[in-house]
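Hi,

Here is the structure I promised to pass on.

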Amino acid sequence: MSLTEDKLIQMYTTMVRIREFETKVEEFFAAGKIPGFVHLYIGEEAVATGTCAVLTDKDYITSTHRGHGHLIAKGGDLKRMMAELFGKKTGYCKGKGGSMHIADVDLGILGANGIVGGGGPIANGAALAAQYRGTDQVAVCFFGDGASNQGTTQEAMNLASAWKLPVVFVNENNGYGISCPTCKSMAVADIADRAAAYDMPGVVVDGNDVVAVYEAVAEAVDRARRGDGPSLIECKTYRWRGHFEGDACTYRDEAEVQSWMAKDPIKRLREKLLEQGILTEDKDREIRDAIARELEAAVAFAEESPLPAPEEVLEDVYA
Amino acid sequence: MPRVPIEITSPVEYLSILKEDGTLDKALEPEIPEDLLLRLYRTMVLGRLLDERMLQLQRQGRIGTFAPIKGQEAAQLGAVAALDPGDWVVPCFRETAAQLWRGTPMENILLYFGGYEEGGRIPDDQKTLPVAIPVASQLLHAVGLGWAARYRKTGEVAMTFFGDGATSEGDFHEALNCAAVFQTPTVFVCQNNQWAISVPLSRQTRSKTLAQKAVAYEMPGIRVDGNDVLAVYAAAREAVERARAGEGPTFLECVTYRLAMHTTADDPTKYRSEEEVALWAQKDPIPRFQKYLLEKGILTQEKVEENAAWAGEAIGKAVDRYEAMRGELGDPLEMFEHHFETLPPTLQEQREELKRTLEAERMESHDA
């Protein structure tokens, strides 16, 4: 599969946008400007980017507690995202949902989700609707290694397979469910092996190689669109930051973190694109400057927006 | 990055020893002592006859809803026969024959399905848990029991039963994963009887086998002819030995068929054809095993008849004991017990109200 130069630049830009957004969140969270909890996506950018680059606005995704990258890759509005993180009225959930509830149904983003393993059944529902209506939409379910041990995930994969639903299960195996390494939470070496239990294709890809992710997902999405049912793609990756901001990470050593930082997905693509002449230092600077301006505007928007009024607290809870 | 095929290490095999026409694969025939073979036969027949009797009792209103085992005797008996009395059995709700093997008194089975909670009580010297109704919930209990056995180094094995429908439950996944991670001595016995109430296996899963679900957990999975008691026993014995040796859990899929209804509250003619049932009736586990024993000279026609008479009599006596016990059991007020240490006020009120109603009814019947 050959990716056009434009597509490669677009994917590179998305990865940088995610990285820079998360770096800003890290900064403002530490400064006490962002309430609640945030789980950063730094280091895993290639998974969301490579996956969403295959999809159209009409396709669906279900995200996780570590969802900022998925939302950005699917086209989420940085201003409304940042405002939501700041708890402001102009945010995606009117400032009342925070990081783990951001959704944009018009873009097919069916929501971040604080419930581990909560996305599978939702993705199935969206896929069932597409199948029933005869559209060619697909639903992508992002989930982590910890979620792969949840009963809901098995129920979702079984049903998707039994009903041949157009779903792509994209596993982001970052090695840890909070502090629990995968070797202590599952006896299989590869989560992709689990596809065998449902008679669906399962593949392992280098989750830090955006092109590999793109290719694997493209094949699975084609399959789903053709009506040939679901697939499982395991993307091996790593989160550079803690499980959440403030995690002391006493369960892993610095050498391990460093070894993964050396596999930085953005640096890898940047070098490759520079080498192939698709990207130049000037073009890179241009991309980064534009993103910096975009983020400045998003932060200013968030800071200047009002907080929701206390009397609005019970609004938007029930239809 | 090129695609690298992953080598899947957990094997999935199929085992059949005694074919439906009674032909034996001599090379695979397990060595089973004669008394064990006879006990297996006797319990299969007892289970079948008790099942038939229970269906009559239910239709007469003498017991409540229950789940018939007809056709699945070999799947459950072959499995439990591989255990020691000190091992744990964690049933679902279609294991009457396994319960009989383990020594659950017949009247307890009748009491349970008659609606008397006393029937669910585990006799002090036994390690067979009561019936579990929520589908797949009991698998986790078997993992816990296995884990405890491993932790305490007791050498016990925990065997649990469930149906094909349970494999779609999240609890199934969590149980098998935990058992594999912690290498608990647990044997998962799936009685794949083709139907989860009215949902056929083809709508339950796309997998060719249920045994292959073990692959997801790096656990050995084996599929056996569940109507072949020799194959079930051989596979179960291997799984039990593996568990006892500290080599972890096994998933055993017994391919069988429920010849009767899901429960007595179900009408299977609404969703499956008579031809299908007739086809499976030919694969009945009892006649082929009986033929095997007759040919081996372990059983004679005379003994077959003797055994049937013995079973009928034992069942008759158990029904009598059950009906005698019913008179003394079943105070409706007991429904408020065993849930709370101290009853919450709303339940206290309800209990008082029921007590008054019952007393008033008693007075009325006295007056009348």
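Searching the whole structure, a predicted model, turns up 41 salt bridges over all chains, where a salt bridge means a side-chain nitrogen of Lys or Arg within 4 Å of a carboxyl oxygen of Asp or Glu. In one of them, the side chains of R17(A) and E294(A) meet at 3.2 Å, N to O. R17(A) lies in helix α1 (residues 5–30) of chain A and E294(A) in helix α11 (residues 281–304) of chain A, so this pair ties together parts 277 residues apart in sequence. Helices (H or I, at least four residues) and strands (E, at least two) are DSSP runs here, numbered from the N terminus. E294(A) counts as partly exposed, at 30% relative accessibility; the scale is buried under 20% relative accessible area, exposed over 50% and partly exposed in between, with a 1.4 Å probe and protein chains only.

Another pair is R268(A) with D206(A), whose closest N and O atoms are 2.9 Å apart. R268(A) sits in helix α10 (residues 265–275) of chain A and D206(A) in strand β6 of chain A, so parts 62 residues apart in sequence are tied together. R268(A) is partly exposed at 32% relative accessibility, while D206(A) counts as buried at 19%. Chain A also has a network of salt bridges linking E20(A), R270(A), E281(A), D284(A) and R288(A). Over in chain B, E29(B) and K26(B) meet through their side chains at 3.0 Å, N to O, and K26(B) is exposed, with 59% relative accessibility.

Some housekeeping before the fold: residues are numbered from 1 along each chain as its sequence is written, and chains are lettered from A and ligands numbered from 1 in the order in which they are written. As this is a predicted model, local features need pLDDT of at least 70 and side-chain atom pairs count only at pLDDT 80 or more, whereas totals for chains, interfaces and linings use all residues; side-chain values use heavy atoms, with hydrogens and water left out.

Now the sheet. Chain A has an open sheet of five strands with parallel pairing, in the order β1-β2-β3-β7-β6; strands pair if DSSP finds at least two bridges between them. β1 (60–62) and β6 (202–206) of chain A are the edge strands, each pairing on one side only. On average, neighbouring strands are turned by 20° against each other, direction ignored (axes are lines fitted to C-alpha atoms, for helices over the stretch in contact, and angles run from 0 to 180 degrees between N-to-C directions).

Going across it, β1(A) and β2(A) pair over three bridges, with T62(A) opposite C141(A). β2(A) and β3(A) share six bridges, and F143(A) has N171(A) as its bridge partner in β3(A). Six bridges also join β3 (residues 167–173) to β7 (residues 231–236) of chain A; there F169(A) stands opposite L232(A) and N171(A) opposite E234(A). Five bridges then join β6(A) to β7(A), where V205(A) faces C235(A) as its opposite residue.

How much of β7(A) is covered? Five of its six residues are buried. β2(A) likewise has five of six residues buried, so it is largely enclosed by the rest of the structure.

Helix α6 (residues 151–162) of chain A lies across β2 (139–144), β3 and β7 of chain A, at about 150° to β3(A). L159(A), in helix α6 of chain A, is partly exposed at 30% relative accessibility.

Two more items. D104(A), in the loop between α4 (78–85) and α5 (119–133) of chain A, is buried, with a relative accessible area of 12%. Leaving out residues up to four places away in sequence, D104(A) touches R80(A), Y92(A) and I109(A), contact being heavy atoms within 4.5 Å. In chain B, helix α2 (residues 73–80) has eight of its eight residues buried, so it is largely enclosed by the rest of the structure; among them are E73(B), Q76(B) and V80(B).

Cheers
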